Amino acid sequence: MRISHRVLIAGIAAAGASAPALAGTAELTVTVPQLKVAEYHRPYVAIWLEQAGQPAIRTLAVWYDYDNRENGGTKWLRDLRSWWRKGGREAAKPADALTGATRAPGVQRVKLDLGALKPGSYTLVLEAAREEGGRELVSLPFNWNGKGAKAAAAGKTELGAISAIIKP
């Protein structure tokens with residue numbers, strides 16, 4: 001009987017050591033700057049997660065004009081060039097739980113489901129592109145240890161200050 005308890009305890013410890021550390025959400029704050037231009041369109045934004053050394057990305061959110069007549073908003077998604085090349089072109093459009101409307105200028109807050117993450121180095125990437133406007137890519141690198149992480153960066157034109165709090 002005693003031996004079986006040791007085996008059970010060792011098995012539980014081994015399972016815990018190899019299981020991925022869960023990351024529940026990333027609380028993301030994104031500033032969409034108000035630009036003084038003749039013809040302003042809200043930016044299309046793609047948000048995704050990259051892991052160091054892994055070619056695949058995990059798309060977390062895409063903000064675009066998804067309810068446009070005849071699905072016309074999708075033709076501008078390819079202007080999110082980095083996201084489009086890394087996997088956006090194969091993604092379902094609109095994607096359940098990922099697609100959202102474009103956001104107005106100001107501070108935008110969103111919670112993103114990151115799923116299970118193994119400890120390691122990751123990068124949250126935001127790309128914005130505007131019709132008749134510019135394009136910008138901002139990266140927020142962080143190290144995930146299973147307990148929590150923070151990251152911040154700022155864009156220069158299409159995106160303003162960005163911060164993320166990643167929680168288990």
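These notebook entries record what I looked up in a predicted model.

**Entry 1. Ground rules**

I number residues from 1 along each chain as its sequence is written, and side-chain values use heavy atoms, with hydrogens and water left out. In this predicted model, local features need pLDDT of at least 70 and side-chain atom pairs count only at pLDDT 80 or more, while totals for chains, interfaces and linings use all residues.

**Entry 2. The open sheet**

I looked up the strands first. Helices (H or I, at least four residues) and strands (E, at least two) are DSSP runs, numbered from the N terminus. Two strands pair if DSSP finds at least two bridges between them. In what order do the five strands of the open sheet lie? I read the order as 5-4-3-8-9, with mixed pairing. The edge strands, each pairing on one side only, are strand 5 (99-100) and strand 9.

**Entry 3. Strands 8 and 9**

I then followed strand 8 (residues 120-129), which pairs with strand 9 in the antiparallel sense over ten bridges. Two of the bridge partners I noted are L124 with L140 and L126 with V138.

Which side chains of strand 9 (residues 135-144) are buried? I use buried for under 20% relative accessible area, exposed for over 50% and partly exposed for in between (1.4 Å probe, protein chains only). The side chains alternate: E136, V138, L140, F142 and W144 point to one face and are buried.

**Entry 4. Salt bridges**

I count a salt bridge where a side-chain nitrogen of Lys or Arg is within 4 Å of a carboxyl oxygen of Asp or Glu. The structure holds four of them, and I examined several.

R135 is partly exposed, with a relative accessible area of 37%, whereas E127 is buried at 0%.

E27 forms a salt bridge with K167, the closest N and O atoms being 3.2 Å apart. E27 lies in strand 2 (residues 25-32) and K167 in strand 11 (residues 161-167), so the pair ties together parts that are 140 residues apart in sequence. E27 is partly exposed at 24% relative accessibility, and K167 is partly exposed at 37%.

K86 and E50 also meet in a salt bridge, at 2.5 Å from N to O. Because K86 lies in helix 2 and E50 in strand 3, this pair ties together parts that are 36 residues apart in sequence. K86 is partly exposed at 40%, while E50 is buried at 18%.

**Entry 5. Aromatic rings**

Rings of Phe, Tyr and Trp (its six-membered ring) pair if their centres lie within 6.5 Å; planes under 30 degrees apart count as stacked, over 60 as edge-to-face and the rest as tilted. By this rule I find three aromatic pairs. Why is the pair of Y44 and Y64 tilted? The ring centres are 6.0 Å apart and the planes stand at 55°, so the pair counts as tilted. Y44 is in strand 3 (residues 44-51) and Y64 in the loop between strand 4 (57-63) and helix 2 (81-86), 20 residues apart. Both Y44 and Y64 are buried.

I last looked up a charge over a ring (NZ of Lys or CZ of Arg within 6 Å of the ring centre and within 35 degrees of the ring normal). The charged end of R103 sits over the ring of W63, 4.3 Å from its centre.
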